[in-house]
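Open the model in your viewer and get ready to select residues as you read. Each stop says what to pick and what is there.

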Amino acid sequence: MLVEEIMSRDPLYVEESTFLTKARQMIRDNHVRGLPVVDSKGVVLGIVTNQDMLRVTSTKSNVTIAGYMVKVPIVTGQMNILDAARLMLTEKRTLLPVVESGEKPKLLGVVSLLDVFMNIDLETVPKKQVSEIMTTKVVTTCPDDPVTKIWDLMVEKDYTGLPVVKDDKLIGMITRFDMLKGTARIGKESERRPADSMMMPVEKFMSSPLYSVKPEDSVRKAIELMLKHDVGRMSVVDSGMLVGIVDRNDLIKSYLGE
C-alpha cells in the first residue's frame, strides 16, 4: 500500500509567520498532532507539533511559530506506507508532510502513524503477547499531583500520556491533549502564576473511562481494542495492578518486526 492511498489530503497548515496562539488553537480545536509549516508558495518548511505547543509558556500574542518549527523528512505519495512508518519511528515524529516530489516540495497532504495504524493488516500481525512488547518501567502520576508538574514532565521527557494511579489502582490517563485544554494551559501560562492555578490537580483533566489489556493478551487484540476505542495507548493490568503500558508506536514496531 502506498502513502497516497492513506494520506490526509488538503490538510490544515500554517505559515512560519503564523502566531503561536493561533497554531495552538488549531491543534487543540481540531485534535491534530501537528501542522505542516509552508511558505507563501506552499513549499514545505517543516512542522509544528502538540509537543512544541507544550513548550510555549507565554501568553504573548505576537510570538510566531518560526522559532518552534522543526525540520522533518518529507515523503511522496509513491512511498510504501511501511517505509513511511519506519521513517516516522526513526525520526520520532507522529506525522510527516507529503509533497509532489523532492524537486517540487509543495504540500499535498500529511501521513501519520495513526494513518498507518488504521491500515494494519490484522491477518499478518505477529503472534506475540502484549507482555513481549510493553513498556514495564511506567512513569505514573497521582490524581492530586499539580497539573503544572505533569506539564513540565511531559516537556522534559517527551511523554505523550501518563497513567493516573491511586492506592496502587489505575484510575485514568492524562495526555498532551488534556494538557492543552484551556484551564490547564491558563494555570501553566499565567504570568502571575496564582497558587490556586498552579495547584490544579491532575484528576480534573485526566481521561476516563480507562481502557486496558492483560499481559497475556495478543498484540492483535491490543490493536483491535485501540482501533475500537480510538485511543493511542493502553495500560497493561494484571489482577488490578498496573504492570506496563503499550502504545501505537510499540504495536507498529511489532508489526514491522522491529
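**Stop 1: the sheet**

Select strand 5 and strand 6: they pair in the parallel sense, over two bridges. Strands here are DSSP runs (E, at least two residues), helices are DSSP runs too (H or I, at least four), and both are numbered from the N terminus. Two strands pair if DSSP finds at least two bridges between them.

A word on the model before you go on. It is predicted, so local features need pLDDT of at least 70 and side-chain atom pairs count only at pLDDT 80 or more, while totals for chains, interfaces and linings use all residues. Residues are numbered from 1 along each chain as its sequence is written, and side-chain values use heavy atoms, with hydrogens and water left out.

Now pick valine 75. Its bridge partner in strand 6 is valine 98. Threonine 76 stands opposite valine 99, also in strand 6.

Strand 6 pairs with strand 7 in the antiparallel sense, over five bridges. Leucine 96 stands opposite valine 111 of strand 7.

Which order do the four strands of this open sheet take? The order is 1-7-6-5, with mixed pairing. Strand 1 (8–9) and strand 5 (75–76) are the edges, each pairing on one side only.

Color strand 6 by burial. Five of its five residues are buried, so the strand is largely enclosed by the rest of the structure. Buried means under 20% relative accessible area, exposed over 50%, and partly exposed in between (1.4 Å probe, protein chains only).

**Stop 2: helix 4**

Show helix 4. This helix lies across strand 5, strand 6 and strand 7, and runs at about 130° to strand 6. Axes are lines fitted to C-alpha atoms, for helices over the stretch in contact, and angles run from 0 to 180 degrees between N-to-C directions.

Pick leucine 82, which sits in helix 4. Leucine 82 counts as partly exposed because its relative accessibility is 26%. Leaving out residues up to four places away in sequence, leucine 82 touches Tyr255 and Leu256. Contact means heavy atoms within 4.5 Å. Leucine 2 is 80 residues from leucine 82 in sequence, but 8.6 Å away in space, C-alpha to C-alpha.

**Stop 3: the core**

Select Val111, Val213, Val246, Leu251 and Ile252. Of the 39 residues in the largest nonpolar core, these touch the most other members. Such a core is a set of buried Ala, Val, Leu, Ile, Met, Phe, Trp, Tyr and Cys residues joined through side-chain atoms within 4.5 Å. Elements that supply at least two residues each include helix 4 (81–91), strand 6 (95–99) and strand 7 (107–112).

Zoom in on valine 213. Beyond four places in sequence, its contacts include Val130, Ala222, Met234 and Val246.

**Stop 4**

Look down helix 6 (residues 147–157). Val147, Thr148, Ile150, Trp151 and Met154 are buried. Seen down the axis, the buried residues of helix 6 fall within an arc of 160°, so they line one face of the helix. That arc is taken over the directions from the helix axis to the C-beta atoms. Aspartate 158 follows helix 6, and its phi is positive, near 65°.

Last, pick proline 143 in the loop between helix 5 and helix 6. Is proline 143 buried or exposed? Proline 143 counts as buried, because its relative accessibility is 8%. Outside four places in sequence, its contacts include Val164, Ile171 and Pro201.
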